[in-house]
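Please find below a short note on the structure under review.

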There are 2 protein chains.
Amino acid sequence: MAEKTEPRVLQGTMELLPPDQILFNRMYDTIRAVYESFGFLPLDTPVLEYSNVLLAKAGGETEKQIYRFVKGDTDLSMRFDLTVPLARYVALHKADLVFPFKRYQMSKVYRGERPQKGRFREFYQCDIDIIGQDALDLMYDAEMPAVIYNVFTKLAFGDFVIRINNRKVLNGFFASLGLADKIADILRTIDKLEKIGEAKVAAELAEFGVSAAATEKILAFIGITGKNADVLSALDALDCADETFCEGVSELRKVVEYAYLYGIPEKNIAIDLTIARGLDYYTGTVYETKLVDYPTLGSVCSGGRYDNLTGYYTEDAMPGIGISIGLTRLFSQLRSENIVSDERKSLTDVLFIPMDKNHIDFVLSSAAKLRAAGLNVDVYCLDKGMKPKMKFANRSGIPYVALVGDDEAGAGKIMLKDMQSGEQALCTAEEAIAKLVK
Amino acid sequence: MAEKTEPRVLQGTMELLPPDQILFNRMYDTIRAVYESFGFLPLDTPVLEYSNVLLAKAGGETEKQIYRFVKGDTDLSMRFDLTVPLARYVALHKADLVFPFKRYQMSKVYRGERPQKGRFREFYQCDIDIIGQDALDLMYDAEMPAVIYNVFTKLAFGDFVIRINNRKVLNGFFASLGLADKIADILRTIDKLEKIGEAKVAAELAEFGVSAAATEKILAFIGITGKNADVLSALDALDCADETFCEGVSELRKVVEYAYLYGIPEKNIAIDLTIARGLDYYTGTVYETKLVDYPTLGSVCSGGRYDNLTGYYTEDAMPGIGISIGLTRLFSQLRSENIVSDERKSLTDVLFIPMDKNHIDFVLSSAAKLRAAGLNVDVYCLDKGMKPKMKFANRSGIPYVALVGDDEAGAGKIMLKDMQSGEQALCTAEEAIAKLVK
């Protein structure tokens with residue numbers, strides 16, 4: 001074969017070496033275990049969907065990013081999020097599902113982005129949603145931060161704060177200022193507060209025709225900070241009579257109260273009136289999550305409540321609440337800042353190293369015993385010297401090797417060596433199991 | 001919204017309801033655990049690759065099935081197997097890998113098939129491969145059936161036989177008949193023996209210009225069956241002097257011997273001289289696996305040894321051995337024949353049902369205790385009557401409910417009800433944990 005093709009990986013995709021893949025999988029498994037511990041059911045919808053089905057709702061920027069193509073006479077698209085497939089799934093399988101339907105899906109999604117730092121064309125989203133057939137109790141709004149709290153406690157990236165708000169508070173407040181028709185613009189501007197600062201926000205608001213008096217009120221409103229109880233009191237003190245506003249404040253109060261009952265410490269959940277979330281469909285509680293020690297990462301887990309998930313597919317309005325962790329982006333950021341710990345980069349507990357082929361029967365039966373006890377066991381089978389054999393163990397990061405030569409096999413034992421400390425001890429397979437199985 | 005889009009799922013993809021998804025995930029997790037127990041490392045290459053990279057080797061039928069498209073100025077293809085991405089990965093990351101490199105990848109692959117029963121456009125392959133930098137010991141050829149044996153023992157679909165052969169035996173034997181240039185055609189015809197029978201095979205061979213004498217020898221050769229030791233003796237007795245043939249028989253003998261040392265009972269591994277495997281690149285040991293009780297499923301796990309994985313990307317010839325389980329196809333067949341058992345269709349261990357909101361603090365703190373003990377716990381939060389609450393538990397297949405009303409909360413206890421037997425007992429959270437945690 002003369003011509004060789006240069007092996008390249010597509011820009012904007014994440015491909016890991018085994019030690020990093022092991023760390024990634026550990027994060028993935030941790031999130032999945034917490035999702036399951038709260039009763040969420042697994043789902044795995046296809047990546048490929050009929051374009052007209054997947055794009056029933058899409059438009060504008062989203063549609064431009066879709067990987068869409070025709071094969072034979074079928075117009076296909078790759079999913080760009082897990083929410084639209086969920087809507088399609090619920091609409092399609094409604095009769096066979098039990099409501100409230102709690103599902104998780106942790107899968108790749110695809111967006112035809114121009115490749116740039118932090119932007120991925122193929123990335124994992126880890127979503128949970130709760131879908132109701134009719135009304136959904138506010139308890140479920142509090143379950144989301146409860147799940148987030150458990151996930152980020154287990155992931156152990158240090159302190160984090162789940163920031164919470166309610167779109168009704170925002171919508172009602174702006175309606176009371178006569179700015180109901182400008183809510184979208186105003187919210188978008190407020191969303192940039194942290195980035196561009198108060199003065200520029202005020203200037204932008206003026207461009208939208210917001211009066212100076214209203215701007216003052218808006219800035220005062222979003223300036224309400226402090227302990228959750230204080231923020232709620234301050235909202236009450238605004239004396240805003242708007243019905244939606246009052247409903248929103250009441251909901252926010254209840255959700256925070258329930259969140260405490262879910263065991264979330266006060267320091268981990270904070271009302272933040274500047275949170276709006278970009279997406280159009282959030283209608284109640286909204287969430288963002290920040291890692292205290294790494295503020296530049298932005299929100300690592302966001303979501304909210306929506307009124308009508310399945311509107312593009314059925315007449316029934318099905319309300320829901322969901323959150324999403326962008327795992328690929330999170331992992332890649334944490335890795336680049338060396339935050340993810342890699343104290344153990346091998347999944348394999350023990351590597352058997354036969355000195356030669358003489359005792360391979362003893363080696364294989366001993367390895368099988370350790371495996372049956374739940375250990376991950378590799379056997380080095382190449383006919384090489386001791387040096388390359390130990391180098392393999394070292395480079396692989398395997399914590400223990402089991403050496404077997406004439407002496408060991410003769411005694412029916414293995415020489416178990418701790419690769420970290422260098423200590424070694426002659427022991428039976430059973431003794432090795434007792435030592436290594438936790 | 002007036003126009004509704006009909007929610008449909010793309011033909012040729014598998015989408016499951018939660019109880020089936022739970023069963024599927026259990027199979028997936030079982031396979032993954034066995035792969036890891038043998039020291040295979042996880043890999044997760046991107047679905048999307050540059051077309052010229054992914055298709056470096058492809059041609060003919062394969063290329064026609066590729067989902068390929070241009071986005072912006074990038075020519076992209078979705079992977080159609082996990083072997084080409086592995087070759088690309090190894091060629092790209094060679095310097096950072098430890099050899100022999102043992103990896104597993106259990107991911108979806110995509111093929112633009114015309115949809116028909118048993119053919120999928122999007123399906124899981126569960127692959128393991130061992131890649132060597134230079135020579136790879138025959139021990140590794142025996143490790144493959146050892147892994148298969150452990151996988152299908154744990155999956156527990158009844159008896160199974162791993163059928164094994166060696167391409168050198170076939171190649172050498174046919175070369176000795178002067179049919180070296182017709183091996184591909186002959187092997188393809190032999191591959192159909194089970195389907196079309198001996199007479200039609202003979203007729204087809206004649207069409208290829210195989211003499212009657214040679215055909216007789218070929219049919220006698222592939223008619224060699226029996227215990228492994230008998231087959232090996234019969235091969236020796238053929239007195240075929242071809243060097244490749246002798247090498248193949250010697251390899252086959254060793255691999256079977258090692259396989260026994262790996263703990264595979266004789267009834268689970270059988271030399272079968274009719275196995276060739278279609279793919280061009282197998283050069284030594286080849287495998288197929290059949291479930292004894294379900295012969296119509298065909299081979300549920302196949303693979304073999306190849307000489308040069310990375311030839312399209314690098315000058316180095318890297319040998320390897322691999323097997324693959326087509327999990328989507330296997331699951332779908334087993335489900336349609338009702339073979340997969342669904343004795344437990346919920347992941348959730350306990351559903352808390354508060355009678356009302358009065359004791360929600362006690363309910364949530366009790367649920368958290370059970371969760372902290374490793375149980376999966378859901379809380380029903382809708383304000384409905386007892387009947388819909390119990391119906392939710394029943395339809396969800398959750399094995400236990402924990403009822404909490406005034407009496408229970410007053411006593412600091414929960415009423416734990418076994419949904420199968422109907423038995424219920426008042427107990428503390430700690431007592432429930434002791435009962436439910438295995």
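1. The model is predicted. The domain assignment of chain A gives two entries: domain 1, made up of 19–43 + 81–336, and domain 2, which covers 350–436. Taken over C-alpha atoms, the centres of domain 1 of chain A and domain 2 of chain A are separated by 50 Å.

2. Interface between the chains. Chain A contributes 74 residues to the contact, and chain B contributes 74 residues. On the side of chain B that touches chain A, 38 residues are nonpolar, 18 are polar and 18 are charged.

3. A helix pair in chain B. Helix α6 (residues 167–176) of chain B packs against helix α11 (residues 243–261) of chain B, with the axes 7 Å apart and at an angle of about 155°. Angles over 145 degrees count as roughly antiparallel, and α6(B) and α11(B) are therefore roughly antiparallel to each other. The crossing of α6(B) past α11(B) is left-handed. From α6(B), the contact uses K168(B), V169(B), N171(B), G172(B), F173(B), A175(B) and S176(B); from α11(B), it uses T244(B), F245(B), E247(B), G248(B), V249(B), E251(B) and L252(B). Sorted by class, the residues in the contact of α6(B) with α11(B) are six nonpolar, five polar and three charged.

4. Strands around β4 in chain A. Which strands pair with β4(A) in the antiparallel sense? One is strand β2 (residues 48–50) of chain A, which pairs with strand β4 (residues 74–78) of chain A over three bridges; here Y50(A) has L76(A) as its bridge partner. Another is strand β3 (residues 68–71) of chain A, joined to β4(A) by four bridges, with V70(A) partnered by D75(A). β3(A) and β4(A) form a hairpin with two residues between them. In the turn of this hairpin, G72(A) has a positive phi of about 60°.

5. A five-stranded sheet in chain B. The strands of this open sheet follow the order β13-β12-β14-β15-β16 (chain B), and their pairing is mixed. β13 (377–379) and β16 (424–427) of chain B stand at the edges; each has a single partner strand, so one side of each is left without a neighbour in the sheet. From one strand to the next, the twist averages 25°. Within the sheet, strand β14 (residues 400–404) of chain B and strand β15 (residues 414–418) of chain B run antiparallel and are joined by four bridges. L403(B) stands opposite M415(B) of β15(B).

How values were computed: Residues are numbered from 1 along each chain as its sequence is written. Chains are lettered from A and ligands numbered from 1 in the order in which they are written. This is a predicted model: local features need pLDDT of at least 70, side-chain atom pairs count only at pLDDT 80 or more; totals for chains, interfaces and linings use all residues. Two residues are in contact if their C-beta atoms, placed from the backbone, lie within 7 Å. Ala, Val, Leu, Ile, Met, Phe, Trp, Tyr, Cys and Pro count as nonpolar, Asp, Glu, Lys and Arg as charged, and the others, Gly among them, as polar. Axes are lines fitted to C-alpha atoms, for helices over the stretch in contact, and angles run from 0 to 180 degrees between N-to-C directions. Angles under 35 degrees count as roughly parallel, over 145 as roughly antiparallel, 65 to 115 as roughly perpendicular and the rest as oblique. A crossing is left-handed if the near helix is turned anticlockwise from the far one by less than a right angle, and right-handed if clockwise. Two strands pair if DSSP finds at least two bridges between them. Domain bounds come from an automatic or database domain assignment.
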